[in-house]
Amino acid sequence: MKAFALISALVIQSLSFAQERPNIIVIFTDDQGYADIGANGQVDDIKTPNIDLLAKNGVRMTSGYVTAPQCIPSRAGLLSGRYQQRFGLDHNGTIPLPLDEILISQRMQKAGYVTGMSGKWHLEPNHQQKEWIAENMPELGDAKKVKPSDIPFSKKIPYMSSNRGFDETFQGYINRYWANYSLDGNEITDKAKWIKQEGYRLDIQTDATVKFIEKNSKKPFFYYLSYFAPHVPLGATKKYLGRFPEDMPTRRRYCLAMMSAIDDGVGEIKETLKKMGVEDNTVIFFISDNGAPLKITMEDKPISFKGGAWNGSKNTPWVGEKGMISEGGIRVPYIVNWPAGLPKGVVYNRPVISLDVAATCNALAGLPDTNDLDGANLIPYLNDIKKGDPHEALFWRFWDQSAIRMGDYKFLKAGNQEYLFNVTTIGHENKNLIKQFPEKAKTMKKRLQVWGQELKNPGIPSEPVRREKRWYAHYFKSVK
């Protein structure tokens, strides 16, 4: 391993001398559970050969985490490289991603990279963000219920991807996109505008990525591909549905079809990189933004159902779901692939987090080390798995929950209930070890409290769980 690490270091050094800094693509899926890549080996109905190949030819994390079990804070953590609680974005109903936060895209622009994105953004102001509304639109303070239309688009524009460090953007969910280039690769205008794009949403988001690569492959680029799947509303074409039998829960079938569409996209992106001669020197991160929303029972509601429902994805073998900081809500698929700079087929079991993407990008772009990022540059650790943990501790705070992972152990505080787990064992979050190791729990709790005092809204929750009450009553009912 030492010899390989030395060789890898020389490869990276030679690339640096040649000023051939790697391209970087960050693929961020939406509500995809840990089980739903074939490489994780948890279910036998998933078909993700291209994603599995990323893992086979790269590094697959078995302890890969995100910073929150919900869309907006998780995305804010990824793109800022900082615990989002440091700037008060604890959950969806607080604030948009603040304009004074420096994003990966802005750092990469500074390093001379061309930057782009496609797919879900979800970081502009919305009607649920009570804190932002109170400060920026006090005239809505007396409204019984704020509607999406109450937030004028003029208030959102500064927060859109086109104003947050992305040179080229194709931001959108299904068929309406905030874009400054078209899928034939031509610029639309110097400034982004809304366009209507026909087609299947995941194919559109892949096509936007491919066009960007074809246009920008002769210079270092950074691209953020934020697939809107398998988040509800579920939707798939016959092409992808036809790959899975009908005798299964309909929601599961649609999820598998959507993941198959993403997988085709990954394959197409890899082929494009190869065609343009930049595959070997392109780093690809593949991560989900949080675990799947199981809604406890995984009820197979009709696809036409408009409310929140199980999206068909699974968090096996972890406990819990989206909205919880148990493993099922925050431990997700996580792969890093870089043919020129990382080993092949490595399974890395030490804790890493989505914050590490920004720190790794910062280092690979040749930017100076900075103390304002909470993540670690993963490359040295992935090239030498005996190097030790990239982090002494990882932290979470969400709603009425808080947690810390140090080494193999995780201290979880759900309101006034406290747990200590060894999350590397078969028992993981099914066996509370707090009575067996009280001093370890005390030490970890103290460390968590110290971290909590660093945040914009200081402290860790201590009142009984409220929004999460039903979940903990179900998933932790036999955990004493």
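Are arginine 331 and glutamate 327 buried or exposed? In this predicted model, arginine 331 is buried, and glutamate 327 is buried too. The two residues form a salt bridge. Their closest N and O atoms lie 2.7 Å apart.

The search of the whole structure finds 25 salt bridges. Some of them share partners. Asp30, Arg75, Lys120 and Asp289 are joined in this way into one network.

In one, the side chain of aspartate 374 meets that of arginine 86, with an N to O distance of 2.8 Å. Aspartate 374 lies in the loop between helix H11 (356-364) and helix H12 (379-383). Arginine 86 lies in the loop between helix H3 (71-80) and helix H4 (104-110). The partners are 288 residues apart. Arginine 86 has a relative accessibility of 23% and therefore counts as partly exposed.

The loop between H3 and H4 also supplies aspartate 90. Its side chain meets that of arginine 397 in a salt bridge of 2.7 Å, N to O. Arginine 397 is in strand E13, 307 residues apart from aspartate 90. Both partners fall under the 20% cut-off for burial. Arginine 397 has 6% relative accessibility, so this residue counts as buried. Aspartate 90, at 11%, counts as buried as well.

Four strands make up an open sheet in the order E13-E14-E15-E16. Their pairing is antiparallel. Strand E13 (394-398) and strand E16 (417-422) each have a single partner strand, so both stand at the edges, with one side left without a neighbour in the sheet. From one strand to the next, the twist averages 10°. Within the sheet, strand E14 (residues 401-406) and strand E15 (residues 409-414) run antiparallel and are joined by six bridges.

The structure holds 25 aromatic pairs. A pair of aromatic rings is described by the distance of the centres and the angle of the planes. For tyrosine 173 and phenylalanine 228, the centres are 5.0 Å apart and the planes stand at 85°. The pair is edge-to-face, because planes over 60 degrees apart are classed that way. Tyrosine 173 lies in the loop between strand E5 (168-172) and strand E6 (176-179). Phenylalanine 228 lies in the loop between strand E8 (221-226) and helix H8 (238-241). The pair therefore ties together parts that are 55 residues apart in sequence. Elsewhere, Trp121, Phe166, Phe222 and Tyr224 form one aromatic cluster.

Charges also sit over aromatic rings. Lysine 301 places its charged end over the ring of phenylalanine 305, 4.3 Å from the ring centre. Lysine 47 lies over the face of phenylalanine 244, and the distance to the ring centre is 5.1 Å.

Note on methods. Residues numbered from 1 in each chain as written. Predicted model: local features only at pLDDT ≥ 70, side-chain atom pairs only at ≥ 80, totals over all residues. Heavy atoms only, no water. Pairing = 2+ DSSP bridges. Helix = DSSP H or I, 4+ residues; strand = E, 2+ residues; numbered from the N terminus. Axes fitted to C-alpha atoms, helices over the stretch in contact; angles between N-to-C directions. Salt bridge = Lys/Arg side-chain N within 4 Å of Asp/Glu carboxyl O. Buried < 20%, exposed > 50% of the residue type's maximum accessible area, 1.4 Å probe, protein only. Phe/Tyr/Trp six-rings, centres within 6.5 Å; stacked < 30°, edge-to-face > 60°. Lys NZ or Arg CZ within 6 Å of the ring centre and 35° of its normal.
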